[in-house]
Amino acid sequence: MIKVDESDPIGELEPSFPYKDITIRRGVDMKEHYELQSEIGRGKFGTVFKCREKATSLMLAAKFVGIVHKQDRRNVEREVEIMCELQHPRLIQLYDAFEANNAMCFILELVEGGELFERVIGDDFVLTEKAVTIFMRQICEGVQFIHSKNILHLDLKPENILCLTKTGNRIKIIDFGLARKFNPENKLQVLFGTPEFVAPEVVNFDAIGFGTDMWSVGVICYVLLSGLSPFMGETDVETMANVTIAQYDFDDEAFDSISNDAKDFIKKLLVKDHKSRLTATECLSHRW
């Protein structure tokens with residue numbers, strides 16, 4: 001059994017390279033500069049390999065995303081643009097970017113502790129409420145910084161939160177593929193995300209805002225504390241119906257030992273009206 005560390009992280013671990021602005025290198029083969037090693041991940045948006053920079057021997061991660069349509073190119077360009085604005089220790093950092101042969105390659109800082117998701121479903125991990133508070137605080141710090149740049153992540157879920165080490169409790173938020181610049185003056189609507197974690201206003205195609213990410217933070221907290229998903233139905237359609245009425249409870253025995261402060265924290269995030277949810281800054285001063 002691996003008991004997840006409950007001690008508060010001290011100080012910051014800076015990435016293994018200085019923050020820098022990235023310009024996409026077009027028509028350049030990344031293999032001229034990097035040596036690809038083992039595959040470390042695969043998702044619907046691309047494949048990730050461990051790689052080594054030839055000039056410095058720095059170990060990094062290379063994420064390849066196919067560019068078939070014009071829209072694909074626009075999407076990856078937006079992702080690079082957004083990542084260049086998000087230089088913070090709680091967020092994955094971009095090191096380099098290439099475009100060649102109908103594929104985009106992001107060179108990212110290498111994080112090898114695995115997904116936070118694995119801590120939730122893994123029988124070999126013991127996740128106490130105290131450990132969850134440490135994860136949630138860091139998630140809120142990352143989201144607070146993202147929102148301070150007028151950016152919405154829009155795909156927050158345990159799979160998009162990586163642990164720095166196997167047993168430690170430091171995390172980084174990853175995957176800005178769905179992130180958007182947000183101007184509170186303009187109405188923004190989106191129809192994407194992961195059904196279990198998306199907010200009612202996304203399902204209803206209503207205007208979204210900073211609170212849209214905060215709903216997902218509330219769902220993540222519920223999942224980390226209980227191992228259960230608050231709105232999960234038999235099908236995606238059923239899940240989204242549960243989300244739209246914002247109906248959930250703490251009836252499962254998994255919540256018997258959970259503090260009232262933790263439940264209060266969740267209740268103040270899983271609120272139907274996105275403007276009434278706690279902000280990331282308010283979350284950080286919540287007594288839990």
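Predicted model: local features only at pLDDT ≥ 70, side-chain atom pairs only at ≥ 80, totals over all residues.
Visitor: Let's start with an annotated position. Which residue does UniProt list for "binding site"?

Guide: A word on such records: UniProt positions are given in the numbering used here, feature names are shortened, and annotations may be inferred rather than shown by experiment. In this case the unreviewed UniProt entry lists Lys63 as "binding site". Lys63 sits in strand β5 (residues 59-66); helices (H or I, at least four residues) and strands (E, at least two) are DSSP runs, numbered from the N terminus.

Visitor: Is Lys63 buried or exposed?

Guide: The general idea is a cut-off on relative accessible area: buried means under 20%, exposed over 50%, and partly exposed in between (1.4 Å probe, protein chains only). Lys63 has 11% relative accessibility, so it counts as buried.

Visitor: And what is Lys63 in contact with?

Guide: Contact means heavy atoms within 4.5 Å. Leaving aside neighbours within four places in sequence, Lys63 is in contact with Thr47, Val48, Glu79, Met104, Cys105, Phe106, Leu108 and Asp175. With Glu79 there is also a side-chain to side-chain polar contact of 3.4 Å. A polar contact is a pair of N or O atoms within 3.5 Å; within protein, one must be able to donate a hydrogen and the other to accept it, and residues adjacent in sequence count only if both atoms are side-chain atoms.

Visitor: Which side chain makes a polar contact with that of Asp96?

Guide: That partner is Arg25, at 2.6 Å. Asp96 lies in strand β6 and is buried, with a relative accessible area of 6%. Not counting residues up to four places away in sequence, Asp96 touches Ile22, Arg25, Tyr34, Cys105, Phe106 and Ile107.

Visitor: Now for helix packing. At what angle do α5 and α7 pack?

Guide: Axes are lines fitted to C-alpha atoms, for helices over the stretch in contact, and angles run from 0 to 180 degrees between N-to-C directions. Helix α5 (residues 210-226) and helix α7 (residues 260-267) pack at about 150 degrees, with their axes 8 Å apart. Angles under 35 degrees count as roughly parallel, over 145 as roughly antiparallel, 65 to 115 as roughly perpendicular and the rest as oblique. The two helices, α5 and α7, are therefore roughly antiparallel to each other.

Visitor: Which residues of α5 and α7 meet?

Guide: From α5 come Gly218, Cys221, Tyr222 and Leu225, and from α7 come Ala262, Phe265 and Ile266. By class, this contact has six nonpolar, one polar and no charged residues. Here Ala, Val, Leu, Ile, Met, Phe, Trp, Tyr, Cys and Pro count as nonpolar, Asp, Glu, Lys and Arg as charged, and the others, Gly among them, as polar.

Visitor: What covers the buried residues of α7?

Guide: The cover includes α3 (129-148), α5 and α8 (280-284). The buried residues themselves are Ala262, Lys263, Asp264, Phe265 and Ile266.

Visitor: Last topic: how should I read backbone phi values?

Guide: Most residues other than glycine have a negative phi. Asn101 has a positive phi, near 50 degrees, and lies in the loop between β6 (94-100) and β7 (103-109). Ala246 also has a positive phi, of about 50 degrees, although it is not a glycine; Ala246 is in the loop between α6 (236-244) and α7.

Visitor: For Asn101, is the residue buried or exposed?

Guide: Asn101 is exposed, with a relative accessible area of 72%, whereas Ala246 counts as buried at 17% relative accessibility.

Technical notes: Residues numbered from 1 in each chain as written. Heavy atoms only, no water.
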